[in-house]
Structures are given as C-alpha cells and as structure tokens.
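Let's take a walk through a protein model together. Keep the structure open beside you and find each residue as it comes up.

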Amino acid sequence: MIATSPKRVGAAAAAERPRRAGASTVAVPPHGDRSRAAGIRAKWVRPVVLACLVTTATSGCGLSAELDRERDPGRTHVPDRASSPDPLVIEVPEPSKSVPVQQGRGCPPSGLRLDTGLVNAAMGLRAVTLTLTDCGKRPYKVNGYPAIAQVLDEEGAPITRVHSVVGTDKVPMAPADPGPEPFTLNPGDSAHAALYWRMAAQHGVYLRVAPQKGQDAITLRLADYLDIGPENTLGTTAWTPAS
C-alpha cells in the first residue's frame, strides 16, 4: 500500500476543477519571460500609434476645411476624393505670361508705382491693400480714390459684371470709408487705399487700375488672387498717406 500526500491530492483536484467546469485559464509567463512579452507588445503598439498619427494629419481639418465651409456652407457638394488634390494644398492659378503688366521692380515712366499686398480673409469678407508710391522726381497731388477698371482671370480675360464702386457701403460687413482728403506725395512717399469684396468662386489674377479717375490704367499682377467672381461688387476706400 502506497501512501498518498493529502496536499498533492488537494492541489491536483484544484487544478482539475476549472477544466471540468469549462472555465478559461490565463497563462502567466515566468519572471524570465516578461521582457520577451514586453518586446512583443512594442512590435504592434508602434504601428498602431503611427497609424493614428497619419489618420489625424490627413483628416482634412484646419484651413482647408474652413475654406470648404465658406464655399459650401450647406455641404451640397461631395468631392471625388479619388481625383481631388491633397486637401492641405491650396493652389493659386498660374498667371498668363502674355498679359502686359507693370514690371516687378523699378519706376514706371509716369513716376508713380502701384502695388498690392496679400488678401486678408474673415467670414466671407475679403480685403487687400493697394499702395501708391511716388517713385519719380516731382510731387504728386492726391485727392480721391483709385480708379478700378477691370479684374482679369488667369488668361487675362475680364471677369464679367464686376461692379467697382467708390466707398464701401455696398460691400456687406466692410469697414467704413474715411472719405477723401487732399494731400501731396513727395518723391519717395506712399499712400494706401483698401479694396473690399465678398468671397465668390472665380479667381481674379490681374487688376486694371489707375491712381485716380481720368488717368491711364495699368495692369497689375496681384500678389494674391481676388476670389471675387462674376456679379460681385468691389469697393474702394480713399487714398490716405502712409504712416
């Protein structure tokens, strides 16, 4: 007769109970194997984190999404993502090289130079600064507004029925026009005026403008396009001396 240890029988019976009851068991690795288990977890954690970062970067939020909301507040347009460009890239139309424009540097024969800045945008309202510089050798008297003749697209064709007006009353949400005051530009001095309009679909790449009414207009290649579109109003403020 062989004696059986009660402790071993009790331990074996306890080990058998979960299997008989159908309960699941969890294997705990020995202390020496824990470093290997941590390495296995790191191998799949890193790709998951990388995938989350890529998803966040390409989710279409930020400036591109804000511009989309302004262009289509009712979400009526569904873009074809298979053929659409990267939503984080904003493309500016390439101006036509055949359009005669004021040279980027130097002083024109008139002794007056016109330049534009970048467009400021907020809640559908657009604004750009127009600068008049006396780059000649004689003083120039100013009293009034810049004379806007036309807004041209990237091919140099006029955008149809853009209404240029004196003042800003007809442009919703535009700041008040200070009104004209006579002053004189001495050689090297500059003056500023502002152009205001409401956002639309078509891009204006060139501006035909004269320093004042009755003078010859020149064509400017804009530093930033005017998204003014047809059937729109372009308001102007009066010239004021640059501070």
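Which residue stands opposite Thr233 in E11? That's His163. Before we go on, a quick word about what you're looking at: this is a predicted model, where local features need pLDDT of at least 70, side-chain atom pairs count only at pLDDT 80 or more, and totals for chains, interfaces and linings use all residues. Residues are numbered from 1 along each chain as its sequence is written, and side-chain values use heavy atoms, with hydrogens and water left out.

Back to E11, then. "Buried" here means under 20% relative accessible area, "exposed" means over 50%, and "partly exposed" is in between, using a 1.4 Å probe and protein chains only. In a regular strand the side chains alternate between the two faces of the sheet. You can follow that along E11: Asn232, Leu234 and Thr236 point one way, while Thr233 and Gly235 point the other way.

Who are the partners of E11? Two strands pair if DSSP finds at least two bridges between them. Strand E6 (residues 162–166) pairs with E11 in the parallel sense, over 5 bridges. E8 pairs with E11 too, but in the antiparallel sense and over 2 bridges. There, Tyr196 has Gly235 of E11 as its bridge partner.

Now zoom in on Leu234. Skipping residues up to four places away in sequence, Leu234 touches a whole list of residues, including Ile148, Val162, Leu195, Trp197 and Leu207 (contact means heavy atoms within 4.5 Å). That brings us to the inside of the model. In soluble globular proteins, nonpolar side chains tend to be buried together. A nonpolar core is a set of buried Ala, Val, Leu, Ile, Met, Phe, Trp, Tyr and Cys residues joined through side-chain atoms within 4.5 Å. The largest one here has 25 residues, and the members touching the most others are Leu132, Trp197, Leu207, Leu234 and Trp239. Several strands give two or more residues to this core, among them E1 (112–116), E3 (125–134), E8 (190–198) and E9 (204–210). The largest share, 4 residues, comes from E8. There's also a second, separate core of 6 residues, with Ala127, Val171, Ala194 and Tyr196 among them.

Leu226 lies in strand E10 and has a relative accessible area of 0%, so it counts as buried. Leaving aside neighbours within four places in sequence, Leu226 is in contact with Trp197, Gln202, His203 and Gly204. Gln212, found in the loop between E9 and E10, is buried as well, at 12% relative accessibility. Among its contacts beyond four places in sequence are Tyr140, Tyr145 and Trp239.

Next, head to E1. Since 4 of its 5 residues are buried, E1 is largely enclosed by the rest of the structure. E1 and E3 run antiparallel, joined by 5 bridges, and Arg113 stands opposite Thr133 in E3.

Side chains of opposite charge can pair when their charged atoms come close. A salt bridge is a side-chain nitrogen of Lys or Arg within 4 Å of a carboxyl oxygen of Asp or Glu, and the count comes to 3. Arg113 forms one with Asp115, with the closest N and O atoms 3.2 Å apart. Arg113 is buried at 10% relative accessibility, whereas Asp115 is partly exposed at 29%.

Where do we find the others? Asp227 and Arg126 meet in a salt bridge at 3.2 Å, N to O. Asp227 is in the loop between E10 and E11 and Arg126 is in strand E3, 101 residues apart, and both are buried. Arg161 and Glu231 also meet, at 2.2 Å, N to O. Arg161 sits in the loop between E5 and E6 and Glu231 in the loop between E10 and E11, so this pair ties together parts 70 residues apart in sequence. Both Arg161 and Glu231 are exposed.

Last stop: the structure holds 1 disulfide (a pair of cysteine sulfur atoms within 2.5 Å). Cys107 and Cys135 form it, with their sulfur atoms 2.0 Å apart. Cys107 is partly exposed at 37% relative accessibility, and Cys135 is partly exposed at 31%.
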